[in-house]
Structures are given as C-alpha cells and as structure tokens.
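Here are my notes on this model, written for someone who is new to reading structures. Please keep the picture open beside the text and go through the points in order.

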Amino acid sequence: MSPRLRHLTSLENLPRETIERLLDRAESLRDACAHGTRKLDVLAGRTVLNLFFEPSTRTRTSFELAARRLGADVINFDIGLSSTSKGEELFDTLHTLEAMHLDAIVVRHKQSGTPDMLVRHAMSGVSVINAGDGNRAHPTQGLLDALTIRQHRPDFDKLSVLICGDIKHSRVARSDLNAFTALGVKEIRLCGPAELMLPADEAPQIRRYGNFDEAIEGVDAVIMLRLQKERMASIELPDEAAYFAHYGLDRRRLGLAAPGCLVMHPGPINRGIEIASDVADGAQSRILEQVGNGVFVRMAVLNEVLAR
Ligand code: ASP
C-alpha cells in the first residue's frame with residue numbers, strides 16, 4: 001500500500017494507488033452522507049485553519065464544510081490580495097497562527113510554491129493542504145474532476161478528455177493533467193490560443209490544438225477554463241467576443257464531441273465568454289456535480305492527512 005500522505009501540495013508524482021485511495025474514500029464518504037450521516041467525528045478535537053490569501057468562495061466553503069462534517073474545528077483567515085507577499089511576513093503569520101495549536105493548514109496563495117514553503121517551515125505535526133497556488137497546482141480540484149469523470153465513465157483507458165481555454169495560467173489544468181495521466185486516461189488534449197497554451201516544455205507528450213472544432217471531435221469529456229485575467233500580462237488578453245467565437249463551448253461544438261460528452265468547468269464560469277449559458281445549464285453539464293464532489297474529495301484529503 002502506498003504510504004499515507006502527511007501533506008498534499010500537488011498531484012505531481014503521486015502514485016495511481018494513492019489517487020485511487022482518495023477517490024474511493026471520497027466515494028464512501030459520499031455514500032455515508034447520502035444515507036443520512038451528515039456529521040462524522042473522525043477529526044473531533046482537531047483544528048483546521050483556512051488560510052486564504054486570494055479570494056475564493058467555492059473552495060474555501062467546501063474545505064470548511066468538509067472539515068466540519070468530519071468533526072474538526074475550523075478557523076478562517078482571509079487575507080487581502082495585497083498583504084503578505086514577502087516570505088518573512090508569511091512566516092510571521094504562520095508562526096502566530098501555529099501558536100494556536102493547529103493540526104492542518106489549508107492554504108491558497110497567488111505565489112506558486114507557497115504551500116511547499118509552508119511544509120518546510122511549518123511546525124512538525126502540522127499538515128499542509130494546497131487550495132491553489134499561482135498557476136501551479138490545485139490538487140483537490142484535480143481529484144474532484146477525476147472523481148466526477150469516474151462516476152460517469154470509469155473506463156479511463158478508453159477515454160478522450162479535452163481541456164480548453166486559458167491553460168497557461170491554469171493550476172486546474174496542471175493538476176488535471178497529473179491526475180488523468182496517473183489514472184491512465186487514454187488521450188488528453190489541450191486547446192486554446194497559442195499565447196494561452198501550456199509552454200512547450202511542460203507535458204510535451206500531450207497534444208495541443210489551436211482549432212476547437214478539431215480538438216473537441218469525439219471527446220468523452222470537455223473541461224472548459226476561464227480567462228484568468230488576474231494572472232495575465234494585459235498584452236495576452238484576448239477580445240472576449242472574438243474569444244467566444246473561437247474557443248467558446250456552444251451547442252454546435254458540443255455536437256462534435258462523443259454522444260453524452262461530460263461538460264465540466266472548475267468555476268467561476270463566464271457565460272458567453274468560454275461557455276454558452278444553455279450548455280453550462282444543459283443536460284450534459286456536470287458543473288454542479290463537480291461542486292458537490294469537491295466537499296467529499298476534501299473530506300477524503302483531510303481524513304488522509306489528519307486521521308490518527
Ligand atoms: N477556481 C479555480 C482556481 O482557483 C479556477 C479558476 O479560478 O478559474 O484556479
């Protein structure tokens with residue numbers, strides 16, 4: 001059996017077995033909740049700190065709910081965009097908060113690598129979970145995307161999955177690539193404008209497309225990403241109407257995918273920019289299932305790093 005994780009900062013290099021264990025656990029927690037168990041006590045007496053240096057609604061709420069459902073105490077610490085960019089300030093914050101006897105820190109930060117830095121500096125015994133760092137990783141999103149696909153299409157070795165949009169600035173795309181590769185997805189495709197594509201030296205084996213109609217042909221799942229303007233140099237910002245014409249998912253394009261193709265998006269969605277409203281709300285949309293799965297995946301991760 002692969003060793004229990006103490007921290008989760010990225011899905012890179014995680015063995016398939018570990019990823020599957022987390023997905024299986026998320027699934028059994030989902031079943032337990034479906035059968036009326038709203039609250040478990042496996043993490044009673046443990047304290048989880050949500051340390052968010054970037055705004056977030058979905059992810060922070062989802063981690064909070066996950067921790068509470070496992071019986072943990074939760075502290076939310078939201079720090080504005082501007083503060084704590086320097087390492088020293090970050091460590092001051094860390095040590096101050098640690099003095100309150102924490103068991104886990106869930107961290108989101110605009111700077112890639114912050115969670116690993118916390119792992120190196122956190123007191124021993126404190127687990128660090130990455131809730132999104134810069135454009136680098138968003139491991140629980142990668143897991144929940146894999147879980148959502150698996151619930152509909154467990155036959156990963158037969159699947160074609162397309163990720164479309166602003167790949168370059170997307171930590172979700174990177175964590176999805178790690179998860180899908182580890183789980184043996186047959187084919188992963190990336191599509192987007194050249195200036196928003198994954199740099200050539202990252203995942204060179206993954207096929208890139210500039211033409212959305214070609215990229216979506218026959219795929220079993222499509223994950224749409226928003227333009228992450230806050231991480232862009234203004235020069236890269238495309239005109240939104242032209243962007244939708246080239247890279248927006250509408251009904252016509254969805255018709256080119258395999259029948260029943262799953263439509264996914266990590267949120268927040270921008271209707272009429274990367275996805276048409278009727279597709280976002282349509283019968284093939286799994287976007288709200290992704291949100292629901294987020295809670296169970298985060299319960300599974302908290303349980304993994306914290307259970308005694
Ligand atoms: N919510 C995701 C993230 O935190 C995706 C996004 O922001 O576009 O990266």
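1. A residue is called buried under 20% relative accessible area, exposed over 50%, and partly exposed in between (1.4 Å probe, protein chains only). The model is predicted, and local features need pLDDT of at least 70, side-chain atom pairs count only at pLDDT 80 or more, while totals for chains, interfaces and linings use all residues. Residues are numbered from 1 along each chain as its sequence is written, and side-chain values use heavy atoms, with hydrogens and water left out.

2. With that scale in hand, Tyr243 is buried, at a relative accessible area of 3%, and Tyr247, at 10% relative accessibility, also counts as buried. Both tyrosines lie in helix α8 (residues 240–247), four residues apart, which is about one turn of the helix. Helices (H or I, at least four residues) and strands (E, at least two) are DSSP runs, numbered from the N terminus.

3. How many aromatic pairs are there? Rings of Phe, Tyr and Trp (its six-membered ring) pair if their centres lie within 6.5 Å, and planes under 30 degrees apart count as stacked, over 60 as edge-to-face and the rest as tilted; by this rule the count comes to one aromatic pair. The ring centres of Tyr243 and Tyr247 are 5.6 Å apart and their planes stand at 40°, so this pair is tilted.

4. The protein chain is divided into domain 1 (16–137 + 292–306) and domain 2 (139–290), with bounds that come from an automatic or database domain assignment. Taken over C-alpha atoms, the centres of the two domains are separated by 25 Å. Their contact (heavy atoms within 4.5 Å) takes 27 residues from domain 1 and 27 residues from domain 2.

5. A nonpolar core is a set of buried Ala, Val, Leu, Ile, Met, Phe, Trp, Tyr and Cys residues joined through side-chain atoms within 4.5 Å. The largest such core has 59 residues, and those with the most contacts inside it are Leu143, Ile149, Phe180 and Leu302. Helix α11 (residues 287–306) gives the most to this core, with nine residues, and the core draws at least three residues from each of domain 1 and domain 2. Leaving aside residues up to four places away in sequence, Leu143 touches Leu8, Leu11, Ile19, Leu22, Leu23, Val297 and Val301. A second, separate core of 26 residues includes Ile216, Met224, Met232 and Val263.

6. Two strands pair if DSSP finds at least two bridges between them. Strand β1 (residues 47–52) is joined to strand β3 (residues 104–109) by five bridges, and Phe52 stands opposite Arg108 in β3.

7. Three bridges join strand β6 (residues 187–191) to β7, and Arg189 stands opposite Arg207 in β7.
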